[in-house]
Amino acid sequence: MKSLALLLLVAMVACAPSASRLNTDGLSSASIIRNFKPDKGESAAYPVGQQVSFSYSLERAGFITLVAFDDNGRTYDIERSVATKAGAQTLPRADDVTGTGGKAAYIVDPPLGPQRVFLIYTDRAAPTGTRISGNFAAADLSKTIKAYISATGSSVYDVAETRFEVVK
């Protein structure tokens, strides 16, 4: 299993696959997230250096966190507790900018192989400084996400997963 680093122009973030999807039992109190996928579709190939964006739809307004997980257990939040409205959305958002004022983008970077990305919806923002970051065994990913959701104090939450392939 391979991993990927996504560049948010100035920040590098890694993510990686697993043989099976995350068991979301206990990670969803309502079905809020719909159609979460990369812009070229689930499992599509993205050459190194190409931009990737993620589309999704929400049944209600709230806060979203975009998380990547690599096969070494390194976990990163790409976007954290972003206020968003109901309806169709795309990340990065059209008005997102980098620290230098440029348009934000997620740039596909090596290593090659299948990648996993998670979208977490909560009805309350995470407290300042609350992150999903660190090294976790794949079996602990669900517990880590659950702890993040718990820290928000949300009563309505949902988690979705998507994948894509990084190629030369």
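This dialogue covers the aromatic pairs of a predicted model.

Me: How is a pair of aromatic rings described?

Reply: Two quantities describe a pair of aromatic rings: the distance of the centres and the angle of the planes. In this predicted model, a search of the whole structure finds 4 aromatic pairs. One of them is formed by Y46 and F164, with 5.3 Å centre to centre and 75° between the planes. Planes over 60 degrees apart count as edge-to-face, and the pair of Y46 and F164 is edge-to-face.

Me: Where in the chain do Y46 and F164 lie?

Reply: Y46 is in strand β4 (residues 45–47) and F164 in strand β13 (residues 157–167). The two are 118 residues apart, and the pair links distant parts of the chain.

Me: Is Y46 buried or exposed?

Reply: Buried means under 20% relative accessible area. Y46 has a relative accessible area of 0%, so Y46 is buried. F164, at 2%, is buried as well.

Me: Why is the pair of F54 and Y106 called tilted?

Reply: The planes of F54 and Y106 are at 45°, so the pair is tilted; the ring centres are 6.1 Å apart. F54 belongs to strand β6 (residues 54–58) and Y106 to strand β10 (residues 106–109), so this pair ties together parts 52 residues apart in sequence. Both F54 and Y106 are buried.

Me: Which residues form one aromatic cluster?

Reply: The cluster consists of F36, Y46, F54, Y106 and F164.

Me: What sits over the ring of Y46?

Reply: The charged end of K40 does, 4.8 Å from the centre of the Y46 ring.

Methods
Residues are numbered from 1 along each chain as its sequence is written. This is a predicted model: local features need pLDDT of at least 70, side-chain atom pairs count only at pLDDT 80 or more; totals for chains, interfaces and linings use all residues. Side-chain values use heavy atoms; hydrogens and water are left out. Rings of Phe, Tyr and Trp (its six-membered ring) pair if their centres lie within 6.5 Å; planes under 30 degrees apart count as stacked, over 60 as edge-to-face and the rest as tilted. Helices (H or I, at least four residues) and strands (E, at least two) are DSSP runs, numbered from the N terminus. Buried means under 20% relative accessible area, exposed over 50%, partly exposed in between (1.4 Å probe, protein chains only). A charge sits over a ring if NZ of Lys or CZ of Arg is within 6 Å of the ring centre and within 35 degrees of the ring normal.
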